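Please keep the sequence and the 3D view open while reading.

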Amino acid sequence: MIRFLIKGLLRDRHRSLFPLLTVTAGVTLTVFFHCWLGGVFGDIIDYNARFTTGHLKVTTKAYAREADLFPNDLALFGVDSLCRRLQDQFPGTQWSPRIRFAGLLDVPDENGETRSQGTAVGLAVDMHSAGAPEIGRLRIDQSLVRGTLPESRWEMLISDTLAVRLGLEPGETVTLVGTTMNGDMAMRNFTVCGTVRFGIAAMDRGAMIIDLEDCREALDMPDAAGEILGFLPGESYDPIEVSRIASTFNDPFAGVQDDFAPFMQRLEDQGGLSEMIAYIDHFSGLLVFVFVLAMSIVLWNAGLIGGLRRYGEIGVRLAIGESKGHVFRAMLAESVCVGAAGSVTGTAVGLALAYWLQVKGLNIGSFMKEASMVMPLVLRARVTPTAGVLGFLPGLFSTVLGSLLAGIGIYRRKTAQLFKELEA
Amino acid sequence: MNASNGPIARLSGLVKRFPMGRGHFTALRGIDLQIMPGEFTGVVGPSGSGKTTLLNIIGSLDTPSEGSAVVLGRSIGELSHKQAADLRNHHIGFIFQTFNLLPVYSVYENVEFPLLLLRKPAEERRKAVLEMLEWVGLSDKIRSRPSQLSGGECQRVAIARAMVKKPGIVLADEPTANLDADNSHHILKTMVRMNENFGTTFCFATHDEKVIRYLRRKILLEDGRVTKDETVKKPRLRRAGT
């Protein structure tokens, strides 16, 4: 009997091929858009974590309130011991002190006169300690356009765009003019050892990267840092774990009124990222819901039309002695087969498209020249294990629902009525 | 359920009403009737007289509004959907005006279908299907699809499908309505031979003179009532060239 039904299913394209194509199309779109949204928003979160927020960030309470202004006068002191304490308390998580600052870059000519000048946003990270994880984390080595990474003290990387604007070549000297953490003027010469391009408009417009110790000395911030960024093992974000770490760290300081008391924030507590994460979650859910709904309606209609078209067959089967329940179950089994086949095909096609866009990416650089948000200029999809199973939800659910709704017609009509319609 | 001991179908005071607007329409008005095993009988009457409704009740596709219909020892009004399906599955064959073959299946598969529902073993199915196709003269068309057959051939497949499980009764609703005279006589002769060979009871609903000529019992139905019930000693079968 099963073979008989399968034969019918395969031979009747209205029952198999057309629903299969519908399911495949719907599942393909669901899987592809899930990967696309996950990739784009995931990259935005990932880039923000790497460049600005970390998975966790420790600052003083006052610094946290005014973080956008780079208020280094409110920076943390005793950073080395604080980092050791964090490392002991939360083993596995990497803690990296950073200083964000702004300054003026002055390029002298051969006479020491100003040849060109430009403002730049600075980022000081550890670039000389063993392993220097910040280089890999910020992908500085991969972003190098010209020159080399800093190999000795007082060397600086600047964005390639800024270097071109200032007419700088690797090996030339620039003077950083800034302010110390006490508000005094700070001036220090650096050698530009290389230029970088991160593919992030906000960084590429005018960024300079120097070693943390050089920055501390230049800006008179001994054993200080504006912020200490924490990164979970594997650099993958785990909202439950970061919440646990943040609350464990903050609890002892909860009642402390001191503005310079350390304060830990999670990634989503910073820069409106919580809204973005919620948006991703809701949008992904909405996407699946919309596709389930749309496909259910389409397949319901297809099922109804198929059901009407199959009145003859159903009527005959009932007359011959097949029970309504058996007909109904056979229809559901068919829809499960079609749904499963469509889900497999749609998932494969969706994943293939998503993988292609993961590798190739979509360059939006020309639209992002003035963007201040930390986000990649090449948007990529991201193929995840979830995407491999997600499509089965709308694929199976909508086909079964469509058949269910269409099949109810069999139950609601009297056998003789079905018969009458069959003869019509 | 031994049909040979009593009537195949016994209808007593059978009434069937259908809802129509706020009231109802009475299709059958107190039918009292018995159909005995081996009969080659027909319910004859004009359109709208209730023939199909009567056949539907005998075939357990519908239930009486009043009275009783006992078919092969089972009271139709008291059967559940599943029991009614079981009764049709085992004991009743249907032949329709529009053939109603399953278009995606071959001739062989169409005839095999009732046996699949009965869970007959493959070899038994094969034997029965081939035997029945030989009876209707379609042994050379077993792989054909219904769309490749003529109307007469389709109806012969439908007869083979109705007969393959050797039912107690075959109900044929206007089986010749879509056929020309030659094909009508051909399939009627086939059914007569089957009736004689297998002892299968045939019950027709028809107003086609070609069919009526073959009947050995004519039950005239008018406006939902049996107005005449006559047995024909010697049916006026078709002569060559007529």
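## Helix packing in chain B

α3(B) and α5(B) cross in a right-handed manner; the near helix is turned clockwise from the far one by less than a right angle, anticlockwise being left-handed. This is a predicted model, in which local features need pLDDT of at least 70, side-chain atom pairs count only at pLDDT 80 or more, and totals for chains, interfaces and linings use all residues. Residues are numbered from 1 along each chain as its sequence is written, chains are lettered from A and ligands numbered from 1 in the order in which they are written, and side-chain values use heavy atoms, without hydrogens and water.

Helices are DSSP runs (H or I, at least four residues), as are strands (E, at least two), numbered from the N terminus. Axes are lines fitted to C-alpha atoms, for helices over the stretch in contact, and angles run from 0 to 180 degrees between N-to-C directions.

| Pair | Angle | Axis separation |
|---|---|---|
| α3(B) (residues 107–117) and α4(B) (residues 122–135) | about 125° | 9 Å |
| α3(B) and α5(B) (residues 151–163) | about 30° | 7 Å |

The angle with α5(B) makes α3(B) roughly parallel to that helix. Angles under 35 degrees count as roughly parallel, over 145 as roughly antiparallel, 65 to 115 as roughly perpendicular and the rest as oblique.

V107(B), N110(B), V111(B) and P114(B) of α3(B) meet V157(B), A160(B) and R161(B) of α5(B), with contact meaning heavy atoms within 4.5 Å.

α3(B) also passes α4(B) in a right-handed crossing. In α3(B), the residues meeting α4(B) include V107(B), Y108(B) and L115(B).
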